[in-house]
Amino acid sequence: MGVLMSRRQTVEKVQKVSLAVSAFKDGLREQPSTRRRAEAGGTRRGTLEQEVQEGEEEASSGPSQPEESSASKAAWERLRDGRGVEPEEFDRANRFTPPAFIRPKRELHDDEPPNISLEQREQVLNDEMCEICEVWTAESLFPCRVCSRVYHDGCLRRMGYLQNDSAVEVTETAHTETGWSCYYCDNLNLLLTEEEMYSLMETLRQCKIIPETCLTLDDFLHYKHLVHKQQFEQPMAEAQEEQVALQFSALDPDKKGHVEWHDFLSHESIQLLQKLRPQNALLRLLTVKERERARAAFLALDQDGDGFIGDGECRRARHAWFRKHQKETPSCNVSISHVGPMSESSPASSSSGKSQEKTPLVMEQEEGGLVDWPGFLRENVTYILAARPNSAALHLQP
């Protein structure tokens with residue numbers, strides 16, 4: 001009875017929301033000029049330099065200044081609320097209402113070491129019903145490779161999270177080891193608390209970063225120089241600038257000459273998490289699937305089964321988390337890059353006999369140092385989190 005009452009209450013809430021949306025749409029129809037201005041502002045795209053130049057031109061013209069400030073304000077609101085897609089980017093007719101993102105809150109026990117056992121495997125189970133429509137249709141559901149949520153492709157389209165250019169990719173990868181991240185897990189910015197998000201927004205404002213714009217290498221270097229000077233009160237060294245340039249290249253794998261806003265925001269979010277939260281708190285962000293993937297990776301690298309791996313292997317594992325498309329021959333790295341649900345037949349859960357043949361012992365002896373299971377998790381947790389987005393960009397350069 002409790003479940004039935006819950007369903008009935010859900011239907012009533014949906015009906016109320018539908019009425020509110022209808023009333024809102026009716027209000028928009030009465031103000032066509034306002035909607036046209038919003039659409040014009042929402043569809044404008046470009047790099048940060050172009051946005052600044054256009055803003056200066058419009059500011060000098062006078063009458064269009066209120067419209068620009070309104071569009072900028074709306075962009076900051078979307079950033080604050082964790083909405084990664086502008087409402088003006090697609091027609092909302094016949095589409096579901098987007099979910100309200102609730103940012104996490106820090107708990108008192110977050111800084112305490114979590115109990116993640118190496119020997120005790122965790123059962124990976126996906127949800128039975130679609131996260132959006134709450135209907136079960138078996139194999140037509142697309143599972144997320146990070147969390148337990150599943151989705152219909154039609155529901156994702158009506159939500160606006162699955163466009164025509166990405167539909168084929170989701171269909172091909174959702175049921176493979178590569179996997180697909182849902183719109184919750186794809187957005188690393190949603191891991192930030194309200195306080196952390198406020199801190200990031202203040203930094204972006206002070207550095208004059210305009211939300212939802214692309215950044216060129218000059219923009220990225222200028223921003224990093226300002227952030228470094230604010231934090232350390234001294235200019236950035238030449239070696240650090242080279243690292244920033246390498247990170248830009250990692251965020252621009254297609255060599256477009258600019259970094260997309262979503263990738264820049266994910267990079268800054270994971271950097272802020274790494275800066276503000278201890279590793280124990282970050283470990284609590286890992287899902288069951290991510291913990292199982294890390295457990296299988298460590299067991300594949302632990303050749304003699306003594307609970308330790310080489311420090312060099314631990315460092316090399318950081319690169320393998322980002323292998324979204326497996327083109328290499330199967331080896332121990334396949335276990336590390338495994339991102340789908342764990343099963344007994346998967347390479348990640350198989351014995352490490354073949355992996356022993358692939359891994360040279362001399363390299364481990366040369367680099368020295370041993371890492372246990374808790375140390376392996378602490379060293380790799382930020383890279384595991386940074387590998388969540390579907391983008392080919394590396395949001396945290398190993």
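Helices (H or I, at least four residues) and strands (E, at least two) are DSSP runs, numbered from the N terminus. The model is predicted, so local features need pLDDT of at least 70 and side-chain atom pairs count only at pLDDT 80 or more, while totals for chains, interfaces and linings use all residues. Residues are numbered from 1 along each chain as its sequence is written, and side-chain values use heavy atoms, with hydrogens and water left out.

Figure 1. The side chains of His-395 and Asp-263 are joined by a polar contact of 2.8 Å. A polar contact is a pair of N or O atoms within 3.5 Å; within protein, one must be able to donate a hydrogen and the other to accept it, and residues adjacent in sequence count only if both atoms are side-chain atoms. Apart from neighbours within four places in sequence, the residues in contact with His-395 are Gln-247, Leu-251, Asp-263, Ser-266, His-267, Ile-270, Ala-386 and Pro-389. Contact means heavy atoms within 4.5 Å.

**Figure 2. Packing of helix 8 (residues 217-232) against helix 9 (residues 238-251).** Two packed helices are described by the angle between their axes and the distance between the axes. Axes are lines fitted to C-alpha atoms, for helices over the stretch in contact, and angles run from 0 to 180 degrees between N-to-C directions. For helix 8 and helix 9 the angle is about 135° and the axes are 10 Å apart. The two helices, helix 8 and helix 9, are therefore oblique to each other; angles under 35 degrees count as roughly parallel, over 145 as roughly antiparallel, 65 to 115 as roughly perpendicular and the rest as oblique. Helix 8 passes helix 9 in a right-handed crossing. A crossing is right-handed if the near helix is turned clockwise from the far one by less than a right angle, and left-handed if anticlockwise. From helix 8, the contact involves Leu-217, Phe-220, Leu-221, Lys-224, His-225 and His-228; from helix 9, it involves Gln-240, Glu-241, Val-244, Ala-245, Gln-247, Phe-248 and Leu-251. These residues of helix 8 and helix 9 comprise seven nonpolar, four polar and two charged. Ala, Val, Leu, Ile, Met, Phe, Trp, Tyr, Cys and Pro count as nonpolar, Asp, Glu, Lys and Arg as charged, and the others, Gly among them, as polar.

**Figure 3. Packing of helix 8 against helix 10.** The axes of helix 8 and helix 10 are 14 Å apart, at an angle of about 20°. That makes helix 8 roughly parallel to helix 10. The crossing of helix 8 past helix 10 is right-handed. Phe-220, Tyr-223, Lys-224 and Gln-231 of helix 8 make the contact with Phe-264, His-267, Glu-268 and Lys-275 of helix 10. By class, this contact of helix 8 with helix 10 has three nonpolar, two polar and three charged residues.

**Figure 4. Packing of helix 7 (residues 194-206) against helix 10 (residues 261-276).** The angle between helix 7 and helix 10 is about 120°, and their axes are 11 Å apart. That makes helix 7 oblique to helix 10. Helix 7 passes helix 10 in a right-handed crossing. In helix 7, Glu-196, Leu-200 and Leu-204 meet Trp-261, Phe-264, Leu-265, Glu-268, Ser-269, Leu-272, Leu-273 and Leu-276 of helix 10. The contact of helix 7 with helix 10 contains eight nonpolar, one polar and two charged residues.

**Figure 5. Glu-212 and Lys-255, two residues with positive phi.** Most residues other than glycine have a negative phi. Glu-212, in the loop between helix 7 and strand 3 (215-216), has a phi near 65°. Its relative accessibility is 14%, so Glu-212 counts as buried. Lys-255, in the loop between helix 9 and strand 4 (258-259), has a phi near 55°. With a relative accessible area of 60%, Lys-255 is exposed.

Figure 6. Ala-281 is buried, at a relative accessible area of 4%. Not counting residues up to four places away in sequence, Ala-281 touches Arg-106, Asp-110 and Asp-111. Ala-281 and Pro-113 are 168 residues apart in sequence, and their C-alpha atoms are 8.0 Å apart in space.

Key:
Buried means under 20% relative accessible area, exposed over 50%, partly exposed in between (1.4 Å probe, protein chains only).
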